[in-house]
Amino acid sequence: MSGYQTEQKDHQTEKNRQKAAGSGYQTGERKGLRSDCHMHTEFSTDSDAPVRDMLEEAVRRGMDGVCVTDHLDLDFPEDEGLGPDAFQLDLDRYFRTLTSLREEYRGRLDVRIGVELGLQEHLGKAYQDIAREHPFDFIIGSLHLVGGTDPYNREIFREHTDAEVYREAFLETARCLDTVGDFDVLGHLDYVVRYGARKAEEYSYRRFADEIDGILKRLIDSGKGLEMNMGGIRCGLGVPNPHPDVLKRYRELGGEIVTVGADAHRPEHVALAFREGADILRECGFRYYAEYIGRKPVFRKI
Ligand SMILES: [Zn+2]
Ligand SMILES: [Zn+2]
């Protein structure tokens, strides 16, 4: 992680930003990326971090706001190591805890309540019901399974080349966008590359341009955003997910909504590489990043 610094809070007095009531462009604020909109806590199967530890770290690193986005992957395949309830979420307890913390941190940190839904083609109706029944600020839709298996386990890479798996992941993402509608941004578009046998050696935007364009066009047509997930840097790819070439292409095609998240599962990763992230977005042609409040994008100057 060395070499990637996060910004320390420098001007407390500049925190007099407007509270956004709906979508719109916010100006007159501090520059840089100030909202980490993807993080996991003890509510996620793969994190032990107390929510409060994550929030304290966000304050320490100068964030104005965070969105907690714990995992909910309905119909996640059974995994011996993870137990029967892997990636399920007790939404009542989740909202109770986060609502109370949101009040406690008011004035220090804007705490928003989100979720990261694991996309599968058949889950459109089930996720629509969940989204309607709970007052989320923000919903990330992410592909966590390729052909029904978790690429994190690497099994799929024993029987298929990296390129075959990446292509299938992109095609499956596009199919999910046709059948699952109720989310705001697509999470970590090319994260499957993190787990390939040779990682990015068999990957570039150009190589999968048709498949990736199919995803980007669907996002734009449906008014959804794209996430820049800094976890790619934490995992050693050297770039976020998706690759900056993909962010650039999204912009070229007319995409405007980019949220930013470190995908931290531990406090030390909150707002990871956000300074580099701001540079990448600017180089890709963006002047604003977005965060969601009450499921509506609010644009903030980079
Ligand atoms: Zn994810
Ligand atoms: Zn995540």
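## Confidence

pLDDT is the predictor's confidence in each residue, on a scale from 0 to 100. That is a handy place to start, as the model here is a predicted one. Across the protein chain the mean pLDDT is 92, and 90% of the residues reach 70 or more.

The stretch to treat with care is residues 1-23, where pLDDT stays under 50. The model still has 32 contacts beyond four places in sequence for residues 1-23. Where pLDDT is low, the predicted coordinates should not be read in detail.

## Overall fold

Nine helices and ten strands make up the secondary structure elements of the protein chain. Its radius of gyration is 18 Å, close to the 19 Å that the globule rule gives for 302 residues, so the chain is as compact as a globular protein of that length. The C-alpha trace spans about 55 × 40 × 40 Å along its principal axes.

Let's turn to how the chain packs. Of its 302 residues, 44% count as buried. If you take the contacts between residues at least 6 apart in sequence, 77% of them join residues at least 24 apart.

In soluble globular proteins, nonpolar side chains tend to be buried together. In this model the largest nonpolar core has 77 residues, and Met-54, Val-66, Leu-117, Leu-226 and Val-258 touch the most other members. Helix α5 (residues 162-179) supplies the largest share of this core, with six residues.

Val-66 is worth a visit in your viewer. Setting aside neighbours within four places in sequence, Val-66 is in contact with Ser-35, Asp-36, Met-39, Leu-55, Ala-58, Leu-109, Val-111 and Arg-112.

Key
Residues numbered from 1 in each chain as written. Chains lettered and ligands numbered in written order. Predicted model: local features only at pLDDT ≥ 70, side-chain atom pairs only at ≥ 80, totals over all residues. Core = buried A, V, L, I, M, F, W, Y, C linked by C-beta atoms within 7 Å. Buried ≥ 20, exposed ≤ 12 C-beta atoms within 10 Å, placed from the backbone. Helix = DSSP H or I, 4+ residues; strand = E, 2+ residues; numbered from the N terminus. Contact = placed C-beta atoms within 7 Å. Rg over C-alpha atoms; globule rule 2.2 N^0.38 Å.
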